[in-house]
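Thanks for asking me to look over this model. Here are my notes, as numbered points, to read with the structure open beside you.

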Amino acid sequence: MKFNTKAIHGGQKHDPAYGAVMPPIYQTSTYAQTTPGGHKGYEYSRTHNPTRNALENALASIENGTYGLAFGSGLAAIDAVIKLLKPGDEVISTNDLYGGTYRLFTQIFESFGVKFHFIGMNNAPNIENYINENTKLLWVETPTNPMMNIIDIKTVAAIAKKHQILLAVDNTFATPYLQQPLDFGADIVMHSATKYLGGHSDVVMGALIVNDKGLADRLYFIQNASGAICGPQDSFLVLRGIKTLHVRMQRHCENGAAVAKYLTTHPKVEAVYWPGLESHPNHEIAKSQMNDFGGMISFSTKEDSLEGAIKVVEKLKVFTLAESLGGVESLAGHPASMTHASIPKKEREKTGVKDSLIRLSVGIEAIEDLIADLEQALV
């Protein structure tokens, strides 16, 4: 089954009660039993809910996975992965990653005895220099947030398997429409489903997808025991969003390419970060593992100041100044003061997240309007 068909039908069954095409919203906390333990597969909605299960099946399908798990947020999904570890275990992560992930790693799990190493992963073989007997997990974002670095999933997966450690890939920016990390050897794929999978800026949710049953069982246990699940209404919204993911992503990619090329020619723009540009240092790797290059772009202006970046984002009219990304509407953000403010300034700047950096989530509006908006804001 091709991706566009999977997005609509993958893992889905018509409702057995009345044949509803869309899974009903089972807004219930509990289920009737005929005798203690005698039920129809559902006993309590923290453990299982038919609407959430329909979404989890769809998530597995579009990532070419076997098991899907939905959580109350992307960070709740990441939290579940790190709970696979124990005190003394070590994690190697990319040094350019979402600020909330960095905060969870350093301010929550380090206090429980898990050690994190943040390194550049653009040169994937370099990762082996940091692996020791305590290393249990490699955590990868690609493209990274917000510098749009590309990490070679296949090479990192080979390293992980050589050393018998887990590889988790945050696939939020790319989405399964553009990239399917399990096919390249990853053990776990993570999504902030708040973003492109939901696609309409109206839900907060996270997801994990795996192939290994033993790993899935451990994660299902954590999901149920820790309770960071999503509700049926939110599950319905993301399931609905997935059904249009392919058509939305086509326009995100088209608009992203046009905006990136426009910014590279603007006299006031210093640098543009987008993996579709031939000047991107890992453009060839991006071509080898992505079907297209997405709608996430970061850039900095030649003014190179906090004041200059703020002036630009405040002048935007079609782009909305807001947190998050991946919705149908275009958003602009200032990573240093918004999404990555939890990372110390010194650490941010090591990876290129300067005060002058602006991140764009290019939506699906008319490209002429988006470019006109950038033109007036950059004056």
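1. Cysteines. The structure holds 0 disulfides, a disulfide being a pair of cysteine sulfur atoms within 2.5 Å.

2. Ground rules. This is a predicted model, in which local features need pLDDT of at least 70 and side-chain atom pairs count only at pLDDT 80 or more, while totals for chains, interfaces and linings use all residues. Residues are numbered from 1 along each chain as its sequence is written, and side-chain values use heavy atoms, with hydrogens and water left out. Helices (H or I, at least four residues) and strands (E, at least two) are DSSP runs, numbered from the N terminus.

3. Helix 3 and helix 4. Helix 3 covers residues 74–82 and helix 4 covers residues 99–109; their axes come within 10 Å and cross at roughly 45°. That angle makes helix 3 oblique to helix 4. For the wording, angles under 35 degrees count as roughly parallel, over 145 as roughly antiparallel, 65 to 115 as roughly perpendicular, and the rest as oblique. Axes are lines fitted to C-alpha atoms, for helices over the stretch in contact, and angles run from 0 to 180 degrees between N-to-C directions. The crossing of helix 3 and helix 4 is right-handed; a crossing is right-handed if the near helix is turned clockwise from the far one by less than a right angle, and left-handed if anticlockwise.

4. What meets at that crossing. From helix 3 come Leu-75, Ile-78, Asp-79 and Ile-82, and from helix 4 come Gly-100, Thr-101, Arg-103, Leu-104, Phe-105 and Phe-109. Contact means heavy atoms within 4.5 Å. The residues of this contact between helix 3 and helix 4 divide into 6 nonpolar, 2 polar and 2 charged. In this scheme Ala, Val, Leu, Ile, Met, Phe, Trp, Tyr, Cys and Pro count as nonpolar, Asp, Glu, Lys and Arg as charged, and the others, Gly among them, as polar.

5. Helix 2 and helix 8. How do helix 2 and helix 8 pack? Helix 2 (residues 50–62) and helix 8 (residues 232–242) have axes 8 Å apart, at an angle of about 30°, and are therefore roughly parallel to each other. Helix 2 passes helix 8 in a left-handed crossing. On the helix 2 side, Thr-51, Arg-52, Ala-54, Leu-55, Ala-58, Leu-59 and Ile-62 take part, meeting Pro-232, Ser-235, Phe-236, Val-238, Leu-239 and Ile-242 of helix 8. By class, the contact of helix 2 with helix 8 has 10 nonpolar, 2 polar and 1 charged residues.

6. The loop between strand 4 and helix 5. Please look closely at the backbone here. Pro-143 is in this loop, which runs between strand 4 (135–141) and helix 5 (153–162), and the peptide bond from Thr-142 to Pro-143 is cis, with omega near -5°. Most residues other than glycine have a negative phi, and most peptide bonds are trans.

7. Thr-175. Another positive phi, near 70°, belongs to Thr-175. Thr-175 lies in helix 6 (residues 175–178) and is buried at 1% relative accessibility.

8. Tyr-220. Tyr-220 sits in helix 7 (residues 213–226). Beyond four places in sequence, Tyr-220 contacts Tyr-67, Gly-68 and Leu-69. The C-alpha atoms of Tyr-220 and Leu-69 are separated by 7.3 Å, although 151 residues apart along the chain.

9. Thr-301 is in strand 9 and is buried at 7% relative accessibility. Its contacts beyond four places in sequence include Lys-268, Glu-270 and Ser-356. Ser-305 is in the loop between strand 9 (296–301) and helix 11 (306–315), and is buried at 18%. With residues up to four places away not counted, Ser-305 touches Asp-355 and Ser-356.

How values were computed
Buried < 20%, exposed > 50% of the residue type's maximum accessible area, 1.4 Å probe, protein only.
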